[in-house]
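Please read them beside the coordinates.

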Amino acid sequence: MSESALEQHEGEYRARQIRLGTWIAVGVILIGAVRVQMDWQGSPWLVGLIAAAGIAQAFLACLPWQELAGRPWQHQALITWWLANVALLLCFCAYDVAALAIYPAGVTLVLASTAALASERAVISIGSLSVLGYLGLVVTRDRPVTGTLAALTVALMVGVTWFCARTASNRRRLDTMRRAAERRIEALLENSSDAVLAVQPGGGVTYASPSWRTMLGYDPGYVSSDLLMDITHPDFLPVVMEWWLALAGGPPGASALIESRVRRADGGFIHAEVTGTNLQHDPALHAVVLGIRDITARKELEEELTRQAFADSLTGMPNRALFRDRLEHAIARNRRGGGRITLLLVDLDDFKMVNDSLGHTAGDQLIATTALRLHQQLRAADTLARLGGDEFAVLVEDINEIEAMDLAERLLAAIRRPLRLGNREVVCSASIGVATAKAGDDDAGPDPGELLRNADLAMYAAKGAGRDRYALFDPAMYADIMREAEDRAELERALADQEFVVHYQPIVDLPTSRLIGVEALVRWEHPQRGMLGPNTFIPLAESTGLIVPLGRWVLRQACGQLAAWSAEFPLARGIRVNVNLSARQFQHEGLVEEVDGILAETGVNPHQIVLEITESLLMQDTDSTIDTLGRLKALGVRLAIDDFGTGYSSLSYLKRFPVDILKIDRSFVDGIDTADGDATLAEAVVQLGRALQLQTVAEGIETNEQWSTLQDLGCEFGQGYLFARPGAAAEIATILEGSSLTS
């Protein structure tokens, strides 16, 4: 480590004190030489000897004491020098009787010099010897010295010795504190993550912290302005020089920050953040202070985060954010020349099946291989991105519609090639949506979001047309989606404004025509189109998910109406209300809790509520279905399988479901009274219900012959236009007064 600033200052201080003491000694010797010449009766050789001693002292003052300050022999040499001066003064005063008065003054000067450079012990030792020497002079004088004068002189010398000893002690304590502070600062700077420099604009580097060695590998003692220029990366040097000149020539106290690249001693470069403060106005510095921090780890992290933000982690290709940026740049480029932009969205068919059957590792391999195959079909200037999941996007410029179709065919063929995943060979297909746009000279060009939307609509059209194909965007696709969005918005508004009503179709006991229940059927009382049947809005409600709140509303209305009938008509306490549950509603996570809440809210007997579920729905995720049916059954409600016979339930599955009622689909009832009708199938359903101890209800009864045949087959209950059409709650109230229906 190079010599510290405090050590340099101490060396300069000691050199100044030694020279000062030396010149004082020279002055005293010269005064003595003058006295010898003027008052003594000695020979000239004595004067010359004294003058030679003064010259020798002057020679000592000219020695390089700053360089000698750290030598181990220096302390002993100074003690010897001070003692020699006291001895010389003692000899002089012993010879010259009249010079006794200058002895204390000379000793005071010696003690003052000792206090500035030596320890308190040295001061006390020299002071004690000086007092003893003075007492010796007093005793050996031919002319006696008065006791009072001698005592005062001794007291003065003792006081001077004490004062100089205290001065030496205080100086030593301060030196110790300064050294400790210096060591702490040096240790902090050496272990700091920042390298610190003090640079004078015209005078080079005046200070370099020890951390230069640990951070950059350079010896702080050899750091210079030329080195700073040399280690700055050439690409950053012009900017750094401009920054330095502005900082050095700026106002006092101004600070500035810049990032650069700096070469380490081993040849490698680091990213550095340089903070500069102009302290040329500070008299202790007269320099610009630079702090250099290694930010390589931070820059690498920023670069990695940027890569992650704009690149797909699996394929390494651009992600959605970067693709959107490149699409915007492509539109801006083509806006000037009226070029054409083509966007292809590629979505793998049945990718979820691969993930579910072969695992996510196989799915990742399929994605990576597909990305490579797509890339091989593109030009270097084209952009391929993974938008997420199994969806890719291709951005191509300057091709016409025919070329775009040809590219889509090549992409499909590349994806269609067999691929081995693990120990299985898989053939995959994809659906591609193609959208093109031309940026005119006088317009802003296509909107990126609109172009992506168009390609997405075309891709879904390709899927709807059978998959493994491409489709070009047609404006009619957008019209269809807008119409669907408008219908959804209108359906949401109708639900919020309670434009729906519930009609009820009676269910009767076939032998007696007695009313045993009703089926709740929702209708839309449209403000402009009048009363709408379920076929006009239920499919849309199913596809949009609005069937869940709509079904919840129907169930609440039906249960509330049953409670009202039961309060008004005693016979209503024995009827049941059937409410249909859609597939989306049945799969809704909170279904059981909602049914329980509605039953508690309306106060109806749960046994009077029948929830109807389609046969095909029961076959989906059987274990989960059985669990949900069991939880509904635990509430006390009854369960019915609607449209039974049109699905594919096996007897073993049917036995597992906790259902109470089978509803025979109307397609079996329509031709039941004809010679080649469905009486056999209807009879099979009735017999199956009887074997499983389930009630059977026939739907769609419209003729007396159908009614009679169903009774002969043993069917217990039925509903249809023969008995009553679906009607408002008031119509059911009228029926409840008689409790029977006839044809």
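1. Contact here means heavy atoms within 4.5 Å. In that sense Phe500 touches Leu491, Ala494, Leu495, Val522, Arg523, Trp524, Phe537, Leu550 and Trp553, leaving aside residues up to four places away in sequence.

2. On the basis of these notes: this is a predicted model, where local features need pLDDT of at least 70 and side-chain atom pairs count only at pLDDT 80 or more, while totals for chains, interfaces and linings use all residues. Residues are numbered from 1 along each chain as its sequence is written, and side-chain values use heavy atoms, with hydrogens and water left out.

3. Overall content. The chain has 28 helices and 21 strands; these are DSSP runs numbered from the N terminus, helices being H or I of at least four residues and strands E of at least two. Of the 743 residues, 45% are buried (under 20% relative accessible area, with exposed over 50% and partly exposed in between; 1.4 Å probe, protein chains only). Among contacts with a separation of 6 or more, 65% are between residues 24 or more positions apart.

4. Cores. A nonpolar core is taken as a set of buried Ala, Val, Leu, Ile, Met, Phe, Trp, Tyr and Cys residues joined through side-chain atoms within 4.5 Å. The largest one has 76 residues, and the members that touch the most others are Phe500, Tyr504, Trp565, Ile609, Leu611, Leu632 and Ile701. Helix α19 (residues 547-568) provides the largest share of this core, 10 residues. A second, separate core has 30 residues, including Ala371, Leu378, Ile432 and Val434.

5. Strand β13. Nine of the 10 residues of β13 (residues 500-509) are buried, so the strand is largely enclosed by the rest of the structure. Strands count as paired if DSSP finds at least two bridges between them. β13 pairs with β14 (residues 514-526) in the antiparallel sense over 10 bridges, and His503 is placed opposite Leu521 of β14. The β13-β14 hairpin has four residues between its strands, and Ser513 in this hairpin has a positive phi near 65°. β13 also pairs with β21 (residues 717-718), again antiparallel, over two bridges; here Asp509 stands opposite Phe717.

6. Which way do the side chains of β19 point? In β19 (residues 661-664), Ile661 and Lys663 point one way and Leu662 and Ile664 the other way, and all are buried. β18 and β19 run parallel and are joined by three bridges, with Phe644 partnered by Ile664. β19 and β20 (residues 695-698) are parallel as well, over four bridges, and Ile664 has Ala698 as its bridge partner in β20.

7. Largest pocket. Grid points are joined across faces, edges and corners, and a volume is the space filled by probe spheres set on the points. The largest pocket has a volume of about 1000 Å³. Its lining has 37 residues, with Glu519, Leu521, Pro534, Asn580 and Asp642 nearest the centre. β14 gives the largest share of this lining, five residues. The elements that each supply at least two residues include α19, β17 (609-614) and β18 (638-644). By class the lining has 15 nonpolar, 12 polar and 10 charged residues (Ala, Val, Leu, Ile, Met, Phe, Trp, Tyr, Cys and Pro count as nonpolar, Asp, Glu, Lys and Arg as charged, and the others, Gly among them, as polar).

8. Cavity. One cavity of 30 Å³ or more is found in the whole structure. The largest cavity holds about 50 Å³ of space and is lined by Leu366, Thr370, Arg373, Ile415, Arg417, Leu419, Val426 and Cys428. Helix α14 (residues 360-376) gives the most to this lining, three residues.

9. Ile341. This residue lies in strand β6 (residues 340-348) and is buried, at a relative accessible area of 0%. Among the residues that Ile341 touches are Leu327, Ile331, Leu395, Val396, Ala435 and Leu451. The C-alpha atoms of Ile341 and Asn400 are 8.9 Å apart, across 59 residues of chain.

How values were computed:
On a 1 Å grid over the protein atoms alone, a cavity is a set of points where a 1.4 Å probe fits but cannot get out, and a pocket is an open set with protein on both sides within 12 Å along at least five of seven lines; lining residues have an atom within 4 Å of a point.
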